[in-house]
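Good morning, colleagues. Please look at the model on the screen while I describe it.

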Amino acid sequence: MTNIFGQILDHLSAVAANWVAAQRDRLRPQSRALTDAEKMAMAPWFAAETLRKARVVLKERCPSPDFLSPELVAQLRALNVDPTIFRMETMAGITFDELIVIATWGRAMPRLRPGLLFHELVHVAQYRALGVERFMAIYIRGFGEAGYRGTPPEAQAYALTVRFERGEVFSVEEEAGRLGPGRVEGP
Ligand SMILES: [Zn+2]
C-alpha cells in the first residue's frame with residue numbers, strides 16, 4: 001500500500017513487532033511454563049509444541065506500549081484513529097509471542113479462567129504460524145480497518161473461544177494457519 005495511511009500502519013507494525021519481542025524477552029525470566037493440569041485441559045485443541053513453548057506471567061496490569069511517540073499520536077489522530085486504542089492497562093491478558101501476561105488487578109490468588117487461557121493460547125498459536133512481524137502486520141492493519149474486535153487475530157481468538165466454551169473440539173493450529181500466508185522464512 002502506498003498511501004499515507006498504509007505507510008503509517010506499516011511503520012506502526014514494525015515498531016509494534018519490536019515492542020512485542022522486547023516485552024517477551026524482558027518478562028521471560030519472571031514467567032513459568034504451563035502446569036501439567038493446564039496442558040491436559042488444553043491438549044484437545046492445541047499442538048503439544050504450542051503448550052510446551054507457552055509461558056505465563058502474572059502482572060498487576062498488562063503493559064502498555066511505549067512506542068507511541070508524539071509524532072505518531074498526531075499522525076494517528078489526523079487519520080481519525082484513536083491512539084487510546086493502544087492502552088492495554090484495562091485488558092485481562094496480552095500475549096507477546098509465546099509469553100502470556102495475565103493481569104491480577106492486585107489479587108493475591110488470581111484465578112486463570114480456562115476461557116482466558118484458551119484465548120491467549122490462540123494468540124501463541126497465531127504467532128507460531130505467522131511469526132511476530134507478520135502477526136503484527138495483520139493485527140495492526142486489521143486494527144486500523146475494523147478496531148480491536150474486528151482485527152483478524154482477535155476476531156479469530158474470540159470466535160474460537162466461543163466454540164471452545166461450547167465444548168467443540170478442533171485444531172487451533174489448523175485455524176491459525178488460515179489467518180495469512182504464513183511465516184516468512186529467512187534466506
Ligand atoms: Zn486477544
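W105 is exposed, because it has 9 other C-beta atoms within 10 Å. The scale behind that word is as follows: a residue is buried if 20 or more other C-beta atoms lie within 10 Å of its own, exposed if 12 or fewer, and partly exposed in between, with C-beta atoms placed from the backbone. W105 sits in the loop between β4 and α5, and it has a positive phi of about 55° although it is not a glycine. Helices (H or I, at least four residues) and strands (E, at least two) are DSSP runs, numbered from the N terminus.

I should state the provenance. This is a predicted model, in which local features need pLDDT of at least 70 and side-chain atom pairs count only at pLDDT 80 or more, whereas totals for chains, interfaces and linings use all residues. Residues are numbered from 1 along each chain as its sequence is written.

Positive phi values occur elsewhere too. D97, a residue other than glycine, has a positive phi near 60°. D97 is found in the loop between β3 and β4. Is D97 buried or exposed? D97 counts as buried, because 22 C-beta neighbours lie inside 10 Å. Just after α5, G131 takes a positive phi of about 80°.

Let me turn to the overall fold. The secondary structure comes to 8 helices and 4 strands, in the sequence pattern α-β-α-α-β-α-β-β-α-α-α-α. The radius of gyration is 16 Å, close to the 16 Å that the globule rule gives for 187 residues, so the chain is as compact as a globular protein of that length. Here the radius of gyration is taken over C-alpha atoms, and the globule rule is 2.2 Å times the number of residues to the power 0.38. Along its principal axes the C-alpha trace spans about 50 × 40 × 35 Å. Of the 187 residues, 29% count as buried. Two residues are in contact if their C-beta atoms, placed from the backbone, lie within 7 Å. Among contacts between residues at least 6 apart in sequence, 75% join residues at least 24 apart.

Next, the strands. Two strands pair if DSSP finds at least two bridges between them. β1 (residues 32-33) and β2 (residues 55-59) pair in the antiparallel sense over 2 bridges, whereas β2 and β4 pair in the parallel sense over 5 bridges. V56 takes part on both sides: V56 in β2 is the bridge partner of R32, and V56 also stands opposite I100 in β4.

I100 leads us to the core. A nonpolar core is a set of buried Ala, Val, Leu, Ile, Met, Phe, Trp, Tyr and Cys residues joined through C-beta atoms within 7 Å. The largest one has 39 residues, and those with the most contacts inside it are I100, L121, V122, A125, M136, I140 and V172. At least two residues of this core come from each of α1 (4-27), β3 (93-96), β4 (99-103), α5 (114-130), α6 (132-150), α7 (152-165) and α8 (172-176). Which helix gives the most to it? That is α5, with 9 residues. Setting aside residues up to four places away in sequence, V172 touches W45, F46, V122, A125 and L160. In soluble globular proteins, nonpolar side chains tend to be buried together.

The expected span of a helix is 1.5 Å times one less than its number of residues. For α5, with 17 residues, that should be 24 Å, and its end C-alpha atoms are 24 Å apart, which agrees. Helix α5 is mostly covered, with 14 of its 17 residues buried. For α6, a straight helix of 19 residues would span 27 Å, yet the end C-alpha atoms span only 19 Å. Helix α6 has a kink of about 100° centred on G144; the bend at a residue is the angle between axes fitted to the seven residues ending there and the seven starting there. The buried residues of α6 are R134, F135, M136, A137, Y139, I140 and F143, and what covers them includes α1, α5 and α7.

Finally, F86 lies in the loop between α4 (70-78) and β3. F86 is partly exposed, because 19 other C-beta atoms lie within 10 Å. Leaving aside neighbours within four places in sequence, F86 is in contact with S64, P65 and L68.
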